[in-house]
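Take a walk through this model, one region at a time. Keep the sequence at hand as you go.

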Amino acid sequence: MEFNKDYISELLNLYKEGETSLKQEQELKLYFSSEDYDKEFEAYAKLFKFFEIEYKTQMEDQVKGTDKKSSSFWINIAASICIVLGGLWFYDYYQNQLEMEEARQAFKTTQNALNLLSNNMNEGLEKLEYVDVFSTQKNKLIK
Amino acid sequence: MKQIKLLGLIMAIAFMSATGVAQDFSKYDKVREMNAFVVNKSMLKLMSKLDLDSEDEDVKVYLDLVENLDDIRIYTTESLEYGKQLQADFDALKSKNNLVELMRVKSDGKNVNFYIKPGKSDDYVNQLLMFINSSEKNDTQSVLMLINGNIDLKNISKLTSQMNIPGGKSLENLKNQ
Amino acid sequence: MASEIYSRQILPLQDKIFRFSRRLLSSEVAAKDATQDVLLKLWKLRKQLRDIKNIEAYTMTITKNLCYDLLKSKHSRTLEFVHNNYTKPGSCLDSEIEARDEASIVLKLINELPEQQRAIIQLRDIEQFSNQEIEEIMGLNSTSVRVALSRARKKIMNELKKTSAYGIQ
């Protein structure tokens, strides 16, 4: 046995005075847990054995906690983040769609504007064309 | 110090002349009789990103044009009084920016004026100014259009032109005059 | 989250609460009821649990107070049943019986102690709380705890010696 009799005696005296530390009490429990203890200490053995038994008793019909772990906390956080991100993405997409729609409208009008420009320009050019032909003809005649 | 001041002055002038056009037209923002259509560079960029039917050849031409534009401004009015204002604006613009007359057409009771600032080559202009008003009493419509950018005149003509080569020839003639 | 703290920290203490109540009330049936009461009380208080430093000690304090109240009200009618329903994981029958017999004597002796000494023996020798924790739970200073513990232990030891001396097992 690790502990000698004198040491145990000493501990037991301290124990009776209520002056042992938890560690020392643990040593006593250990000493008395096997059958190797000195039979002089028989009475003490009963006590410490009792303590060991008591320590291990469990209550029947225990209340069970939910098996939901704290991961649900983080899952909730993750879900919230996803929702926010999803929302942002949709917002961005929507804004983009709006922009595109605006651009489409603007483009239509731009087309019209350019057409206006083009028509007028071409009208002028036609006239020129006419004049050109006319002058060519005229020159033909004059020659 | 003096050089910095000079530089500052030059930059201010450059800035002002660049935005000179913008200064003119904000006065029309609150005027009901004046219709405005203004497209700036970022919108033009968006336009070129649109997923339009690029199978359609016509649309492609528009897109090509649009890509090279910096901004488009159009002001129209049915009001005689504002029409006169637009005329004044037109006169101011063409002289301030030293624009060159491209062509003047008068037909069907309408006066159309084209002024340009020449661009990198014969077909290109950096600024195009068009003013339309009516010479008839009962028609009070006026239109002022100002476009900045790398404008290909040939392409503009192409948009609505039925004739291809002849138009091009006329354009060349115009340039050579 | 409050229910998390409760689940993680309070529910594992059920056995301790039960054993402590059983020590104080000397009845398994009463101890079960008391345990339920303590658990319910702590559930209602779960939001405050976060602010408590030593939840175990706090739980035992609540158990002690509850049991003392029960003892006070039932003073004349305290059940003296001692059910030997020990649930000891994995031991064979013979040693269990033997242990039980030996234990019965100690149990009897402990039950004969005054409540306070019973409580302190339980907290120290069985549940292994520190001096400081026991002071907190019992609401006593260190000297009082030491003295009570010493008295209890000496009493039990002397009785046990007497029993051995007479050869009674």
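B:S135 sits in the loop between strand 5 (124–134) and strand 6 (142–152) of chain B. Helices (H or I, at least four residues) and strands (E, at least two) are DSSP runs, numbered from the N terminus. This is a predicted model: local features need pLDDT of at least 70, side-chain atom pairs count only at pLDDT 80 or more, and totals for chains, interfaces and linings use all residues. Residues are numbered from 1 along each chain as its sequence is written, while chains are lettered from A and ligands numbered from 1 in the order in which they are written.

Is B:S135 buried or exposed? B:S135 is exposed, because 11 other C-beta atoms lie within 10 Å. The cut-offs are 20 or more such atoms for buried, 12 or fewer for exposed, and partly exposed in between, with C-beta atoms placed from the backbone. Beyond its neighbours within four places in sequence, B:S135 is in contact with B:K106, B:G109 and B:N111. Contact means C-beta atoms, placed from the backbone, within 7 Å. B:N111 is 24 residues from B:S135 in sequence, yet their C-alpha atoms are 6.7 Å apart.

Now the sheet. Chain B has an open sheet of 6 strands in the order 1-2-6-5-4-3, with antiparallel pairing. Two strands pair if DSSP finds at least two bridges between them. Strand 1 (34–39) and strand 3 (100–107) of chain B are the edges, each pairing on one side only. Strand 5 and strand 6 of chain B pair over 8 bridges. In strand 6 of chain B, B:V143 is the bridge partner of B:I132. Helix 4 (residues 80–96) of chain B packs on the sheet, touching strand 1, strand 2 (69–77), strand 4 (110–118), strand 5 and strand 6 of chain B.

Next, the side of chain A that touches chain C. Here 28 residues of chain A are in contact with 34 residues of chain C. Helix 3 of chain A gives the most to that side of chain A, with 12 residues.

What of the nonpolar cores? Each is a set of buried Ala, Val, Leu, Ile, Met, Phe, Trp, Tyr and Cys residues joined through C-beta atoms within 7 Å. The largest has 47 residues; A:L47, A:F48, C:A34, C:I120 and C:L123 have the most contacts inside it. Helix 3 of chain A supplies the largest share of this core, 7 residues. A second, separate core of 44 residues includes A:A106, B:I74, B:M103 and B:I132.

Conventions: Contact = placed C-beta atoms within 7 Å. Axes fitted to C-alpha atoms, helices over the stretch in contact; angles between N-to-C directions.
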